[in-house]
Amino acid sequence: MMKVTYLSHSGFAVEYEDFVLIFDYYKGRVPVFDKSKKVYVFVSHAHGDHFNSCIFQWAEEYEQITYVLSEDVPPIESVWKGSEPKDILRVSAGRGYKVGEIAIRTLHSTDEGVAFLVHVKGRAIYHAGDLNWWHWKEESEQWNTSMAQQYPCEIGKLRGERIDAAFIPLDPRQEEMFFWGFDYFMRNTETTYAFPMHMWGRYGTCDRLLELPETGAYREKIMCVREEGQEFLLESV
């Protein structure tokens, strides 16, 4: 069984019997985990809504904790006054890594940093960070065209992967284009459960998604996030 806790914005904790994955924490209440579990903390990039240096304090609470940080995250000594955690892996885009019992693939973000595909004990968890089909009316046609090429290219690298849980941006600031990245991802990957994120507290955005005719083919896979601290128990994974 997988237990998913929504922390805030793009932050999630994924918990199994003997390990925990925490993605892009910047605020919210983090559950207290069994100290015997291995904890892996992922930071996709250094934007303030995806990274808070207080995560390094967790190393004082959990002996088996590893930090997986995008290479754009500043040196720890420049953002954290406490002692530096001993297990830190710096990652760059388009590469593969092995840390303990987990395997990590990184994708290039269409903004900053990386997206993560994590394989652990036969399960696959995807966290997009800020990898999304960004389309902004204030940007040039050339910029938006480039984005429309980059995003499918990166998602195409997931072809053939069976993803148990995916955390995907659904940003209401994009107005009527808010669902483009989410929709493309779901139509072009084999994903069991999909969690909208990056909604800036506007949780009705998920309801807007469910109402769209475009989502009919995968609507039952969408796990609606409605409040900080919300928990999801996924028995089939």
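Predicted model: local features only at pLDDT ≥ 70, side-chain atom pairs only at ≥ 80, totals over all residues.
1. On the count of aromatic pairs: the total comes to 22. One of them joins W133 and W180, whose ring centres are 5.5 Å apart. Their planes meet at 65°, and since over 60 degrees counts as edge-to-face, that is the class this pair falls into.

2. Where do W133 and W180 lie? W133 is in the loop between β10 (123-127) and α2 (141-155), while W180 belongs to helix α3 (residues 180-188). The pair therefore ties together parts that are 47 residues apart in sequence.

3. Is W133 buried or exposed? With a relative accessible area of 17%, W133 is buried, because the limit for that class is under 20%. W180, at 27%, is partly exposed.

4. W133 also forms an aromatic pair with Y184. This one is edge-to-face too, with 6.1 Å from centre to centre and 75° between the planes. Y184 sits in helix α3 and W133 in the loop between β10 and α2, so this contact links parts 51 residues apart in sequence. As for accessibility, Y184 counts as partly exposed, at 23%.

5. The charged end of R208 sits over the ring of F178, at 4.0 Å from the ring centre.

Methods. Residues numbered from 1 in each chain as written. Heavy atoms only, no water. Phe/Tyr/Trp six-rings, centres within 6.5 Å; stacked < 30°, edge-to-face > 60°. Helix = DSSP H or I, 4+ residues; strand = E, 2+ residues; numbered from the N terminus. Buried < 20%, exposed > 50% of the residue type's maximum accessible area, 1.4 Å probe, protein only. Lys NZ or Arg CZ within 6 Å of the ring centre and 35° of its normal.
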